[in-house]
Amino acid sequence: MIRRARPIACALAVCAACSCGGGRDRLTIASGEAGSGEAALGRAIARIISDRARMQAAADPTGGPVDNLRRMREGRADFALATADVLADAVNGQGTFRGATVPARTVANLADSYAHLVVLDGSSINGLSGLRGRTVSTGAAGSATEFTALRVLREALLDPERDVKRQALGLSESTAALRERRIDAFFWMGGIPTPAIDALSRDARVKVRLVSTASVVMLLQRRFGESLYTVLEFPDGLYGSPEKAAGLGVATILVARGDTPDATVFAVARALLAGSEGLRAVLPETTLERAKRPAPAALHAGAARYYQETGR
């Protein structure tokens with residue numbers, strides 16, 4: 001976390017030149033589940049901040065966006081990766097965050113998370129309705145995958161507690177359970193390619209297939225607002241999937257605590273834009289050309305100043 005006990009003038013010097021009495025402040029970035037693109041993206045962000053902004057930064061592995069924003073609310077994260085739908089509830093104190101808003105402010109709208117629905121090739125599941133009566137992992141309890149998967153199931157007229165045999169497995173547990181045929185399908189919200197799913201698809205013992213989740217996008221837009229969800233086409237052959245598939249998409253956004261010093265966020269935004277090739281190396285969908293796209297949380301003043309001064 002940022003140590004704020006030092007004099008204000010010295011703290012600003014740290015942000016600008018990262019030197020204060022020979023010390024270095026440490027920024028904490030809440031990233032994502034092990035094996036996810038978001039965990040890799042968090043590590044890349046930390047490297048870029050450390051190298052280009054010359055501030056000490058570390059990415060913490062987490063349970064994903066819900067966990068990330070809870071950590072931010074509790075003061076355990078300076079920056080966090082969050083999906084737009086989870087972020088909307090967090091800043092408005094709704095749903096999982098009812099009664100306790102999160103002081104998050106947008107730094108950059110980075111990429112899209114895709115709603116993956118993964119089955120073994122040869123499965124008779126060809127759409128969301130095919131999940132009825134099946135054993136399905138909807139993601140770890142309290143995760144963003146679970147958050148979105150439950151919305152998807154309900155809009156597909158499936159009761160998550162009665163119409164499917166639901167298991168709350170994390171990403172690595174889900175890939176193992178599908179490989180061992182202990183589940184019929186699993187949901188995952190993440191960028192593409194997701195390393196853990198990519199590794200599963202390269203296992204000679206199994207062949208996986210993606211099932212479209214886009215059929216409920218319009219229904220979700222009507223219920224939660226058109227800006228949160230969109231339809232995204234998976235690239236042909238992703239994970240070796242033999243069929244074309246479209247997924248529900250939701251933005252992945254880098255946010256900072258609202259009380260993080262403006263100079264710190266300015267320096268982070270500048271470093272990320274300068275080092276954007278490092279982000280794309282781990283998550284090709286990442287692009288800072290979209291950084292200023294609207295998000296559920298207002299722009300942090302430091303990020304707003306960076307965009308204004310550079311015209312980006």
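## Exercises on a predicted model

A polar contact of 2.5 Å links the side chain of T62 to that of N68. The model is a predicted one, and the exercises below start from this residue.

**Exercise 1. Work out which residues V164 touches, and whether V164 is buried or exposed.**

Step 1. Locate V164: the loop between helix 5 (144–155) and strand 6 (165–167) holds this residue.

Step 2. Leave out residues up to four places away in sequence. V164 then touches L131, G133, R134, V136, L153 and D159.

Step 3. Read the accessibility. V164 has a relative value of 5% and therefore counts as buried.

**Exercise 2. Examine the backbone at R54, L157, P193 and G311.**

Step 1. Most residues other than glycine have a negative phi, and most peptide bonds are trans.

Step 2. Take R54. Its phi is positive, near 55°, and the residue is not a glycine. R54 belongs to the loop between helix 2 (37–53) and strand 2. With a relative accessible area of 51%, R54 is exposed; the cut-off for exposed is over 50%.

Step 3. Take L157. This residue, also no glycine, has a positive phi of about 65°. L157 lies in the loop between helix 5 and strand 6, and its relative accessibility of 70% makes it exposed.

Step 4. Take P193. The peptide bond between I192 and P193 is cis, with omega about -10°. P193 is in the loop between strand 7 (185–190) and helix 7 (195–201).

Step 5. Take G311. Just after helix 11, this glycine has a positive phi of about 70°.

**Exercise 3. State which residues of helix 11 are buried and what they pack against.**

Step 1. Helix 11 covers residues 301–310, and its buried residues are G302, A303, A304, Y306 and Y307.

Step 2. These buried residues pack against strand 4 (104–120) and helix 9 (262–274).

**Exercise 4. Judge whether the radius of gyration of the chain agrees with that of a compact globule.**

Step 1. For 312 residues, a compact globule would have a radius of gyration near 20 Å.

Step 2. Compare. The chain has 20 Å, so the value agrees.

Step 3. The C-alpha trace spans about 65 × 40 × 30 Å along its principal axes, and the chain holds 11 helices and 10 strands.

Step 4. Look at burial and contacts. Of the 312 residues, 57% count as buried. Among contacts between residues at least 6 apart in sequence, 76% join residues at least 24 apart.

Step 5. Finish with the surface and charges. The 40 positive and 32 negative charges have mean positions 3 Å apart.

Conventions
Residues numbered from 1 in each chain as written. Predicted model: local features only at pLDDT ≥ 70, side-chain atom pairs only at ≥ 80, totals over all residues. Heavy atoms only, no water. Helix = DSSP H or I, 4+ residues; strand = E, 2+ residues; numbered from the N terminus. Rg over C-alpha atoms; globule rule 2.2 N^0.38 Å. Buried < 20%, exposed > 50% of the residue type's maximum accessible area, 1.4 Å probe, protein only. Contact = heavy atoms within 4.5 Å. Lys, Arg positive; Asp, Glu negative; His and termini not counted. Charge placed at Lys NZ, Arg CZ, Asp CG, Glu CD. Polar contact = N/O pair within 3.5 Å; in protein donor to acceptor, adjacent residues only side chain to side chain.
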